[in-house]
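Hi there,

Here is the structure I promised to pass on.

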Amino acid sequence: MAIVVHHLNNSRSQRILWLLEELGVDYGIRRYVRDAVTNLAPDALKAVHPLGKSPLVEIDGRVIEESGAIVQTLCERFGGGKWLPIPGTDEALRHLELMHFAEGSAMTPILLQLYTSRLGEAAAPLTPRIDEQLAAHFGYMEQILRPSGHFIGDDWTGADVMLSFPAEIALMQGRGAQYPRLSAFVASIHARPAWQAARAKGGDYFGM
Ligand SMILES: N[C@@H](CCC(=O)N[C@@H](CS)C(=O)NCC(=O)O)C(=O)O
């Protein structure tokens, strides 16, 4: 089986490398570097998928798009019964909710802030609502993070992988002291040998 990760520096794709290292799966990396001026992905990624965004993972030539679908697929195929709750349980439903929450909800105010920050004064009418939604989503993540240090149960799941990216962004925004559980969650990920191996292979990752 041949697995190739189409990996963009400083991106969500880093969590896919982390998961593959955790799963002990052989994979190759095809690297793409953001434009120094626009910060956008290079056009070469559009040869793999029309949107030209990362991550994309190819398994035996089938290109899988969307982080959530990639994480779910990798956990199902290579998790050996770990990394996902038992199907049909309430934990499995909770896991499904959080897998979608990560990209479908948590990333929305983060991206709105990223884009409106380029508008200068023109962003002023939007800023209070975006700030309130950032606090609501990070606060929710802080609240639901379990005493085990995981979002589901007592062990690592795909939902932890998905939520690692917005949690890291909360810390990059200087909110670590405000969200101590998210801080500890990110620290526990970054201490893992698999994360460090992925980090070494992935190239730039926001100076982490
Ligand atoms: N929901 C998608 C989002 C993909 C996405 O927006 N990726 C960003 C990297 S964090 C990207 O490729 N941006 C470069 C660009 O838009 O040019 C996923 O999770 O896979």
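Two residues are said to be in contact if their C-beta atoms, placed from the backbone, lie within 7 Å. Please keep in mind that this is a predicted model, where local features need pLDDT of at least 70, side-chain atom pairs count only at pLDDT 80 or more, and totals for chains, interfaces and linings use all residues. Residues are numbered from 1 along each chain as its sequence is written.

First, the domains. The protein chain is assigned domain 1 (3-82) and domain 2 (90-193), with bounds that come from an automatic or database domain assignment. Taken over C-alpha atoms, their centres are 20 Å apart. Where they touch, 10 residues of domain 1 are in contact with 10 residues of domain 2. On the domain 1 side, helix 1 (13-23) and helix 2 (67-78) each give at least two residues; helices here are DSSP runs (H or I, at least four residues), numbered from the N terminus. Helix 2 has the largest share of that side, with 5 residues.

Next, a helix pair. The axes of helix 5 (residues 158-172) and helix 6 (residues 180-190) come within 9 Å and cross at roughly 115°. These axes are lines fitted to C-alpha atoms over the stretch in contact, and angles run from 0 to 180 degrees between N-to-C directions. Which residues of helix 5 meet helix 6? They are Ser164, Ala167, Glu168, Ala170 and Leu171, and their partners in helix 6 are Leu182, Ser183, Phe185, Val186 and Ile189.

Happy browsing!
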